[in-house]
Amino acid sequence: MKKLLLAGTACNAIMILGAGASQAEELTLCWAAWDPANALVELSTDFEEQSGHTMNFEFVPWPNFADRMLNELNSGGQLCDLMIGDSQWIGGGAENGHYIKLNDFFEAEGIDMADFIPATVTGYAEWPKGTPNYYALPAFGDVVGWTYRKDWFERPEIQEAFQEEYGRELAVPASLDELKDIAAFFQGREIDGNTVYGAAIYTERGSEGITMGVTNVLYNYGFQYENPDEPYDMEGFVNSEGAVEGLEFYKELYEVGTPPGSSNWYMGENIDAYKSGQVALQMNFAFIWPGVEADPNVGGGASGYFANPPGPAGQFAQLGGQGISVVSYSDKQDAALEYIKWFAQPEIQARWWELGGYSALRAVVEDPGFAESQPYAQTFLDSMAIVKDFWAEPAYADLLLAMQDRVHNYVIAGDGTAQEALDGLVEDWVEIFEYEGKL
């Protein structure tokens, strides 16, 4: 990692020379309002010094991020010169002309997508998927994983009680079934005079929360978005026997191992529950892990991290994260491309990781010292190796809302059966793709 940072002198000199040929501009970068955004502000001071450009930032809280920024793009607005858009936006960004295609720029500047984690290239940059057509540079690798109270797990009296009840050692779960057992074990248990609960999981209905949660189980029970041999053929894949069992599992996990009143929780609520000592386990995106480590109550060795456990059909985890794109409506595209060139440098990516950003550059994550650089680094690597993502179709928002409603109604409200929920989801998605002309 240090070698990468030291290697930056020559590259920075090149950047200075390149920037000198262009007029200083004020650029606006749009992203979500969260801890990594604050790290990017700090990182970007280097770009300002090297280029002479000024960086402005428009950060929107996650619950409002998609509505705000997709409205901006759909209206052809010029607020954003650079957009760090969610992974599912790439199809709409490409097909609707919101993002400029970056292939020629990458070739001219020697930016090779083979230098990035393959899953992030597919998830954040490519459209159509599986083709070498790039509309973003992988900017922030993220994935759903798990945080646990390592200090609680190590207490002899808790270990003894778990061994007596389940006949095995209390440890990082090796399967989803073991995870559910652990959540049930801690549910309502008294620790240090306080009643605690099993797990904080995603249940939020309004934006994307419960979908980003339930897919971590559905994938591992055999759910697929479509027939691998026939695009948009969803019958028997979305609502397969395994997918039904997975949805039933998620409902059972919610019922036996989550805190009272957690029927509409997403990232922020899970963080709060975990840091305040309410739960033994927390489902959340990896971006939270630096904050966990720094927390006076649950950091400093009190917490551990593990990848989403396998189920009967394999081991997968829901991809998060974003790519950075140049907005086609910007009149400062040359300066915006300078920013992407600067951001792609190995020494900048190494610094990005140090500040709490999740680099997708292989030179950073494959460095021999990376796995030991943070307590959660190895879990990040393990998790990024098993990712799947939601639809990245231009109609992703409609597809997402349909899944939010169907899944929340069953898991949280208890309406109907899992089979009925997934059968209904197939009907919803067929209707959407018919309207889009895909069927």
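Buried means under 20% relative accessible area, exposed over 50%, and partly exposed in between (1.4 Å probe, protein chains only). The model is predicted: local features need pLDDT of at least 70, side-chain atom pairs count only at pLDDT 80 or more, and totals for chains, interfaces and linings use all residues. Residues are numbered from 1 along each chain as its sequence is written, and side-chain values use heavy atoms, without hydrogens and water.

**Stop 1: tyrosine 232.** Stay on this residue and check the backbone. Phi is near 70 degrees, a positive value in a residue other than glycine. Tyrosine 232 sits in the loop between helix H11 (209-218) and helix H12 (241-257). Helices (H or I, at least four residues) and strands (E, at least two) are DSSP runs, numbered from the N terminus.

**Stop 2: aspartate 192.** Select the loop between strand E5 (190-191) and strand E6 (194-195); aspartate 192 is there. Its phi is also positive, about 55 degrees, although aspartate 192 is not a glycine. Is aspartate 192 buried or exposed? Exposed, with a relative accessible area of 57%.

**Stop 3: proline 128.** Go to the loop between helix H7 (118-125) and strand E4 (137-149), where proline 128 lies. A cis peptide bond joins tryptophan 127 to proline 128, with omega about -10 degrees.

**Stop 4: the two domains.** Colour domain 1 (26-141 + 320-388) and domain 2 (144-318 + 395-435) separately. The bounds come from an automatic or database domain assignment. Their C-alpha centres lie 27 Å apart.

**Stop 5: the interface.** Select the contacts: 21 residues of domain 1 meet 20 residues of domain 2, with contact meaning heavy atoms within 4.5 Å. About 1,900 Å² is buried between the domains, and carbon and sulfur atoms give 68% of that area. Buried area is the accessible area (1.4 Å probe) that two parts lose on being put together, summed over both.

How many salt bridges are there between domain 1 and domain 2? The count is 0. A salt bridge here needs a side-chain nitrogen of Lys or Arg within 4 Å of a carboxyl oxygen of Asp or Glu.

**Stop 6: the domain 1 face.** Show helix H4 (62-74), helix H18 (377-384) and strand E11 (387-388). Each supplies at least two residues of the side of domain 1 that touches domain 2. H18 gives the most, with 4 residues.
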